[in-house]
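Please look over the sequence and the model before reading on.

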Amino acid sequence: MMRFLLLFSRQGKLRLQKWFTPMSDREKKKIIRDMTTMVLARQPRSCNFLHWKDLKIIYKRYASLYFCLAVENQENELLALEVIHRYVELLDKYFGNVCELDIIFNFEKAYFILDEFLMGGEIQETSKQIVNRSIEASDMLQEDDSSEWYEVELFG
Amino acid sequence: MPAVSKGDGMRGLAVFISDIRNCKSKEAEIKRINKELANIRSKFKGDKALDGYSKKKYVCKLLFIFLLGHDIDFGHMEAVNLLSSNKYTEKQIGYLFISVLVNSNSDLIRLINNAIKNDLASRNPTFMNLALHCIANVGSREMAEAFASDIPNILVAGDTMDSVKQSAALCLLRLNRTSPDLVPMGEWTARVVHLLNDQHLGVVTAATSLITTLAQKNPDDFKTAIVLAVARLSRIVTSASIDLQDYTYYFVAAPWLSVKLFRLLQCYPPPEDGALRSRLTECLETVLNKAQEPPKSKKVQHSNAKNAVLFEAISLIIHHDSEPTLLVRACNQLGQFLQHRETNLRYLALESMCTLASSEFSHEAVKTHMETVINALKTERDVSVRQRAVDLLYAMCDRSNAKQIVAEMLSYLETADYSIREEIVLKVAILAEKYAVDYTWYVDTILNLIRIAGDYVSEEVWYRVIQIVINRDDVQGYAAKTVFEALQAPACHENLVKVGGYILGEFGNLIAGDPRSSPLVQFNLLHSKFHLCSVPTRALLLSAYIKFINLFPEVKATIQDVLRSDSQLRNSDVELQQRAVEYLRLSCIASTDILATVLEEMPPFPERESSILAKLKKKKGQSALPDIDDSRRNVNGSTEHSEITDTTNKSSPSLLKDLLATNRPRPSSFSPIMHFARTMDSTPSFTDMLSLSSAPTAGASLLVDVFSDSSTLTSVDVSEEHFPRFVCKNNGVIYENQLLQIGLKSEYRQNLGRMYIFYGNKTSTQLLSFTTSVTTNDVLKTQLNVHAKAVDTIVEGGAQVQQILNIECLSDFKDAPVLGIQFRYGGTLQNIAVKLPVMLNKFFQTTEMTSQEFFQRWKQLGAPQQEVQKIFKANHPMDTDVTKAKILGFGVALLDGVDPNPANFVGAGVIHTKNTQVGCLLRLEPNTQAQMYRLTLRTSREPVSQRLCELLSDQF
């Protein structure tokens with residue numbers, strides 16, 4: 001299973017954190033520090049895999065953002081790399097040419113999209129169409145809701 | 001701010017995020033955040049009810065602040081409100097906040113569970129998915145208790161939507177991982193297996209994950225999955241790439257599902273049924289064939305997905321370890337990858353080949369790639385790839401290539417990255433020992449290791465070479481000669497001095513015939529290193545000197561002079577001084593016969609399991625290390641075993657078995673002279689005493705254990721054995737071992753306490769450098785102030801010293817401070833840690849009240865979270881007087897005539913902390929027939945009720 005996913009910038013600024021097992025805030029902070037220093041120190045054109053404690057770390061850089069995924073030991077590294085890529089594709093589809101700023105300003109959306117794709121540290125739905133459809137569907141719900149909101153605000 | 005604003009943009013949130021991004025400094029950021037927090041707090045507390053949108057916006061801001069790394073201690077209630085809303089957009093934010101911020105032991109779980117229950121029952125798939133996600137995210141025990149039995153029904157119900165089935169499967173998987181005992185197995189398990197046949201590949205993928213985890217635990221219950229998995233796989237791998245529509249990923253058919261199915265099959269041995277087996281073999285062959293086809297796309301995603309499936313298929317082939325052709329094909333495929341231009345593939349090929357090397361069918365095939373791997377070691381730019389190469393060389397090593405591989409590893413060691421040096425040293429040491437045909441090569445190799453990477457040679461390694469030399473008399477002369485030569489180097493590593501001192505002390509006589517290495521030359525050589533060495537090494541050298549006195553009477557006078565010098569006899573280090581004194585005395589008074597007996601050559605070490613191997617395993621984690629001992633038994637193992645047996649002498653039948661166990665005393669061997677001197681009358685056999693085969697007595701190990709000085713510092717177990725005894729009393733002995741007794745007396749008034757600690761030295765000698773410290777963890781620091789007065793640094797033999805501790809309780813707390821004690825005894829540093837019995841109930845003041853008052857208060861504290869109740873079995877005889885005494889000792893007033901049932905006990909008290917006072921009512925109902933108690937506590941603060949209940953319920 002996957003244990004956590006971190007997105008951070010080249011400067012080491014954390015942009016998204018997803019933990020699939022419960023962990024104390026202290027442990028989280030330590031892991032974030034370890035991951036950013038370890039991954040940012042890697043030379044370009046190194047391989048995308050690292051061993052860290054009993055986990056495998058799979059990381060990849062997209063533009064200014066590093067995606068760093070930790071999986072348990074028996075998991076398939078190459079496919080983990082594609083988990084990252086599929087998530088990037090989903091973000092890209094949603095935001096249209098996604099950039100770091102989209103994730104900063106719409107962090108809650110980035111979490112929702114991730115939740116449609118992964119769950120409990122396992123892949124939930126690999127079909128891009130299905131994930132996109134359900135994200136769009138929930139956006140539709142949101143739009144309905146918000147129109148209702150404005151009415152409330154207008155008349156309330 | 002980006003233009004994108006799908007759904008409902010929350011303008012206030014975006015503005016806030018912009019503000020934060022524009023902050024020039026950390027201080028400015030914190031200031032802006034505090035301003036926002038104050039604003040939100042006032043909105044939440046304000047009189048005007050907030051509408052859903054504002055609530056959502058503020059909760060989102062809090063979430064953002066939390067994700068920036070700041071603590072958030074409010075807003076949970078508002079999030080729970082959002083969660084319970086009927087509006088999707090609010091619910092979604094509520095769930096997000098809870099998933100990110102709520103840890104499993106939150107007080108809110110009950111409220112959240114309620115909302116989840118409603119959503120699960122709503123039959124609205126979107127709501128159900130949100131609820132299932134939340135359960136999977138939080139995954140706490142309480143949630144498992146509440147929902148573990150419902151989710152299987154959702155999963156297998158005929159009318160459940162596909163997306164909900166997927167969530168339910170993965171949610172169940174999560175609960176099974178965290179609380180397996182709460183997930184009931186039953187009729188649903190059979191139906192889950194049939195989800196492998198589902199039309200919807202997303203459902204199949206999620207179900208496969210669930211089944212794999214369940215099958216790992218109960219393989220027999222899920223055997224039927226094998227047929228279905230093979231059938232499914234076969235359909236996928238033979239499908240044209242477009243058949244699976246959106247489940248095709250860059251021209252690869254359902255890579256995620258394929259990998260999961262291969263993984264599921266790795267829970268089982270190869271199918272017994274012939275037809276099924278050949279169908280699976282076909283699948284595997286198809287995957288191997290596809291690897292040879294030209295790629296359908298140049299994109300790296302295509303090759304990654306394709307090779308992911310290939311590597312997983314190879315894992316299954318290795319797991320089955322039964323089809324030689326497949327294994328060899330797999331090996332050839334990986335061989336191609338070893339030279340691939342993609343670093344990732346080279347890395348994975350090296351890793352995968354490690355496991356192949358342990359199969360009898362493919363071991364030889366792996367060996368053919370040795371040159372490539374050695375080359376990788378020299379040319380790869382990435383240290384993690386080089387590390388895999390080292391692993392693979394280690395795994396493919398056998399008698400035929402050991403010399404070459406060890407030589408390559410040694411030469412790599414000279415330039416290896418510091419991070420992996422220790423591991424390489426261990427590996428070289430193991431290989432050199434395991435495949436040594438002539439032991440001169442072994443000795444040379446280890447000395448080379450020390451020369452090249454002395455700092456990374458752990459104690460296990462040099463202990464080991466000494467043991468082997470002692471156990472094999474054919475190599476002793478060579479070893480003595482070699483270490484003698486190695487010591488000639490002007491700067492040699494301290495580890496070499498240790499090995500040299502030990503070996504010359506034992507076997508220096510074997511080379512003493514040569515005038516170039518006469519006794520005096522040997523001694524002068526060793527002694528020239530003496531002053532550059534650390535204390536443990538010097539101690540070892542002193543022992544070597546006394547051994548010399550026995551071996552070479554002609555240097556006795558020289559050595560006695562050295563021992564007699566001020567720098568030895570008056571050395572500030574107790575251990576060195578004592579050795580010098582005792583050795584000198586021994587050499588003066590003992591007759592030659594006695595000396596010869598006492599200082600006899602070390603007896604052979606008993607055979608034990610490998611400690612170096614154990615260390616390596618510990619370093620790498622069991623799974624990462626191919627076990628070269630067990631797995632290759634069929635091929636080379638058995639034959640090698642007998643070969644070695646033939647070449648070794650009779651006293652050590654197999655060198656494959658390591659001689660040194662991890663947890664036995666180290667060969668500080670000839671040091672227990674002092675122990676010897678003390679116990680001479682009572683112990684008849686000298687050799688036995690010097691032998692390391694017998695477990696040392698506690699006292700002896702203190703003396704012998706000179707090497708362990710600082711290593712024990714970090715890992716001291718905190719003694720809490722007597723802790724519970726102090727819940728209801730204030731005085732007594734909290735700790736005792738053979739050196740030290742620690743007694744306590746304490747008194748408390750309101751929120752202040754004073755504790756007198758008495759340290760009693762049970763020995764007749766001084767305890768030196770005696771220091772104590774009281775530590776509280778980060779949480780406790782904010783709740784409890786503990787100030788310890790200084791204590792003397794020397795505790796005389798048989799004496800007792802006192803230390804005073806002042807304690808102030810700031811707010812209610814759960815943990816206890818730890819008292820750390822450190823001192824030197826007989827040259828050894830002792831570390832003790834004791835959990836101090838400072839508990840919340842110590843700050844009780846009794847409260848007397850009438851029956852009427854009591855019940856009035858009792859009713860006031862009626863909210864569910866204020867009450868804690870526990871029903872438990874009696875651990876002690878149920879004696880009324882004893883119980884009364886314990887309740888009084890706990891700190892509350894016993895109220896007679898309050899409870900209508902006179903057998904029950906009722907008490908009341910107030911906990912005093914600096915910040916608040918917490919009133920507490922308790923009731924204990926004994927049931928003598930069932931030998932049970934029911935304890936009920938009501939206080940205005942839930943953590944207080946919890947903690948008091950924990951403390952008191954252990955006492956009866």
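This is a predicted model: local features need pLDDT of at least 70, side-chain atom pairs count only at pLDDT 80 or more; totals for chains, interfaces and linings use all residues.

Residues are numbered from 1 along each chain as its sequence is written, chains are lettered from A and ligands numbered from 1 in the order in which they are written, and side-chain values use heavy atoms, without hydrogens and water.

**The interface**

The size of an interface is often given as the accessible area lost when the parts come together. Chains B and A bury about 6500 Å² between them. Buried area is the accessible area (1.4 Å probe) that two parts lose on being put together, summed over both. Carbon and sulfur atoms account for 56% of it. Chain B brings 77 residues to the contact and chain A brings 71 residues. Contact means heavy atoms within 4.5 Å.

**Salt bridges**

Side chains of opposite charge can pair when their charged atoms come close. A salt bridge is a side-chain nitrogen of Lys or Arg within 4 Å of a carboxyl oxygen of Asp or Glu. The whole structure has 52 salt bridges over all chains. Between chain B and chain A the count is 4. Two examples follow.

| Salt bridge | Closest N and O atoms |
|---|---|
| B:R177 with A:E122 | 3.0 Å |
| A:R15 with A:E100 | 2.8 Å |

A:R15 lies in strand β2 (residues 14-19) of chain A and A:E100 in helix α3 (residues 100-105) of chain A, so this pair ties together parts 85 residues apart in sequence. Helices (H or I, at least four residues) and strands (E, at least two) are DSSP runs, numbered from the N terminus.

**Two helix pairs in chain B**

Axes are lines fitted to C-alpha atoms, for helices over the stretch in contact, and angles run from 0 to 180 degrees between N-to-C directions. The axes of α16 (residues 300-320) and α18 (residues 343-356) of chain B come within 10 Å and cross at roughly 10 degrees. Therefore α16(B) and α18(B) are roughly parallel to each other, a label for angles under 35 degrees. Among the residues in contact are B:F311 of α16(B) and B:L348 of α18(B).

Helices α5 (residues 88-101) and α7 (residues 125-138) of chain B pack at about 10 degrees, with axes 9 Å apart. They are therefore roughly parallel too. Residues that meet here include B:Y95 in α5(B) and B:L130 in α7(B).

Definitions and conventions:
Angles under 35 degrees count as roughly parallel, over 145 as roughly antiparallel, 65 to 115 as roughly perpendicular and the rest as oblique.
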